[in-house]
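Here is a short note for a colleague who is new to this entry. Please keep the view open while reading.

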Amino acid sequence: TDSEKFFGSPGTASGMHVDERSAYTLAAYYACIRNIADDTSKLSMRVGRMREDGSREMLPKHRLARLLNVAPNDEMTAKTFRETIMQHAVGWGNGYAEIQWAGDGTPAALWPLMPDRMVVRRLGGKQRYIYGGTEVNAANILHVPGLGFDGCVGYSVARIARESLGLAMRSEERRVGKE
């Protein structure tokens with residue numbers, strides 16, 4: 001359709017353009033995404049690793065635990081970072097962060113990435129991340145996928161529900177126009 005060519009997403013029967021950004025103009029959608037992201041961001045995150053015998057070892061003093069629970073970088077609190085990543089994972093279907101490494105090989109900082117600029121492909125049995133047209137080493141990406149079918153990427157809630165969101169947006173547009 002013309003709207004798909006122009007906006008990059010399929011049109012809706014209501015005639016409304018619906019994507020991850022425009023869906024936020026619908027108060028109910030925004031409130032749902034915000035509440036999920038806010039509630040999950042209040043939870044602390046545990047860091048661990050799998051032992052050879054299959055058991056888990058928790059690593060509360062690991063540098064990554066501090067980044068996830070105290071401060072991921074010099075500009076954000078851990079709660080703001082987790083809320084941003086979860087909002088992306090729920091709304092866009094995937095949350096991404098770039099891992100900045102220290103000289104000793106430990107993670108030094110986490111920086112959120114915009115999910116609409118990331119493309120994920122599985123090639124040769126490995127996930128490949130292309131951000132803004134440039135391939136990024138998978139070891140430098142923290143990926144939080146939302147609900148999806150392939151285990152590689154999640155689906156955008158806005159795109160899956162675009163017809164019902166479009167109808168709600170059209171209805172709200174008409175209601176506001178009558179006032």
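In which sense do β3 and β4 pair, and over how many bridges?

1. Strand β3 (residues 94-101) pairs with β4 in the antiparallel sense, over six bridges. Two strands count as paired if DSSP finds at least two bridges between them. Strands (E, at least two residues) and helices (H or I, at least four) are DSSP runs, numbered from the N terminus.

2. The model is predicted: local features need pLDDT of at least 70, side-chain atom pairs count only at pLDDT 80 or more, and totals for chains, interfaces and linings use all residues. Residues are numbered from 1 along each chain as its sequence is written, and side-chain values use heavy atoms, without hydrogens or water.

3. β3 and β4 belong to an open sheet of three strands, in the order β4-β3-β8, with antiparallel pairing. Its edge strands, β4 (107-113) and β8 (141-145), each pair on one side only. Neighbouring strands of this sheet are turned by 25° against each other on average, direction ignored. Axes are lines fitted to C-alpha atoms, for helices over the stretch in contact; angles run from 0 to 180 degrees between N-to-C directions.

4. Helix α4 (residues 78-91) packs on this sheet. The helix touches β3, β4 and β8 (contact means heavy atoms within 4.5 Å). Its direction makes about 140° with that of β3.

5. Another open sheet has three strands in the order β5-β6-β7, again antiparallel. β5 (118-123) and β7 (134-136) are the edge strands. The twist averages 35° from one strand to the next.

6. Six bridges join β5 to β6 (residues 126-131). Here Arg121 stands opposite Arg128 in β6.
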